[in-house]
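Work through these exercises with the model open beside you. Try each task before reading its solution.

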Amino acid sequence: MISGATCSVVALASPKGTDTFCELCQRRAHVQCSRCQVTFYCDAEHQRADWVGIHERICQLLVPLRSPTLFSSQHPDCIETQIKKVRMSMELIEICKSVAQSKFSEGKYQEALPAAQFCLRCSMDVHGPSTAQLVPAYLLLAEANMGLGNLDLVTQLLSQAEWVVLKSPECGHTIHHQLHKSLGLLHMATGNLEAALFHFANNIYFASEEYGPDSPVTCGGYFLMANIFARQGKMSIARSLYSEVAQTWHCLLTKRLETHSQKANEPDFLFSQRAEVEEMLRTMLEFEQNASRKDSAQVALVAHCLAMLWFLEGDSAKVSHITKSPSINFTLTQ
Ligand SMILES: [Zn+2]
Ligand SMILES: [Zn+2]
């Protein structure tokens, strides 16, 4: 198994004649990737885990970066060589981010670890040990470990991220919003609900500065706060926040439905996060259906959102199931 705690830094290139170390755990290596021949592992298990996690995607991209012969016609320290290496590393960082995100959306946190670890290592290599550019990589690794329940490690990673943000006044709203969201989720996981509320409120503030008060990102912050109020038994405030969220999504989905036929193949923010959106809508539907005094209009509004989401995905079976549900009166959404 990969240890969640393996985020120490090893050099991206290992010069000839030096010892080689495992890509995942940094113990002495005994196995080499036969395809790229520049990546090493302590054993076959770690090689397999890395292959599934990220190496399959980046194996060949590592060859020019790690092979000492690549830029042999040029001096290894010349500016041009450095620029090429930085550009390649930036490309790798983006690939790792997107691979980790897609694993998160499938709930595969263990598989996301190698990509998140590599992203941090590569970011440190390019940007240095304590720069603002490391924060997204810390947050990515924290998210993977949060999914695995390694809360002590999440605490460490987020304090490193917090420290960097404190020292970097140039950090924008997006970084602040993401950091507060992660800190809120950590406090929620450890049961410190008041601290979680504080961070989620900050998350909403920075998200709304960056994306606007009605954006899906800001709305995600309201949803997180509502979950806490629901856990604290403060049902009326939870309900009013959920209702805010439901109305924003109803509006977004209605607009999306209107332009659906014209923009069929457009890559879509909504569907890159569709699992999260569906989960959110289901939570709100369940909350409302279990409420002692049911608000039928709110039930219908959320159910209508789910129906629109499934319709946009072409899942007609789910649409017909929910629209025929006897407990939901859809005429209330009109
Ligand atoms: Zn290993
Ligand atoms: Zn390889």
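**Exercise 1. Where does Q37 lie?**

Solution. Q37 sits in the loop between strand 1 and strand 2 (40-41). Helices (H or I, at least four residues) and strands (E, at least two) are DSSP runs, numbered from the N terminus. This is a predicted model, in which local features need pLDDT of at least 70, side-chain atom pairs count only at pLDDT 80 or more, and totals for chains, interfaces and linings use all residues. Residues are numbered from 1 along each chain as its sequence is written, and chains are lettered from A and ligands numbered from 1 in the order in which they are written.

Next, check the backbone. Phi of Q37 is near 60 degrees, a positive value in a residue other than glycine. Most residues other than glycine have a negative phi.

Then check burial. A residue is buried if 20 or more other C-beta atoms lie within 10 Å of its own, exposed if 12 or fewer, and partly exposed in between; C-beta atoms are placed from the backbone. Q37 has 13 other C-beta atoms within 10 Å, so Q37 is partly exposed.

**Exercise 2. Is L120 buried or exposed?**

Solution. Locate L120 in helix 3 (residues 109-127). L120 is buried, because 24 other C-beta atoms lie within 10 Å. One pair to inspect is L120 and A137: they are 17 residues apart along the chain, yet their C-alpha atoms are separated by 4.9 Å.

**Exercise 3. Describe how helix 8 packs on helix 9.**

Solution. Take the angle. Helix 8 (residues 216-231) and helix 9 pack at about 155 degrees, with their axes 8 Å apart. Axes are lines fitted to C-alpha atoms, for helices over the stretch in contact, and angles run from 0 to 180 degrees between N-to-C directions. That makes helix 8 roughly antiparallel to helix 9. The cut-offs: under 35 degrees is roughly parallel, over 145 roughly antiparallel, 65 to 115 roughly perpendicular and the rest oblique.

Now list the contact, which requires C-beta atoms, placed from the backbone, within 7 Å. Sort them: 16 are nonpolar, 1 is polar and 1 is charged. Ala, Val, Leu, Ile, Met, Phe, Trp, Tyr, Cys and Pro count as nonpolar, Asp, Glu, Lys and Arg as charged, and the others, Gly among them, as polar.

**Exercise 4. Repeat the analysis for helix 5 and helix 6.**

Solution. Helix 5 (residues 151-167) and helix 6 (residues 173-189) pack at an angle of about 150 degrees, with axes 11 Å apart. They are therefore roughly antiparallel to each other. Residues in the contact include L158 and E162 of helix 5 and L179 and L183 of helix 6.

Definitions and conventions:
Contact = placed C-beta atoms within 7 Å.
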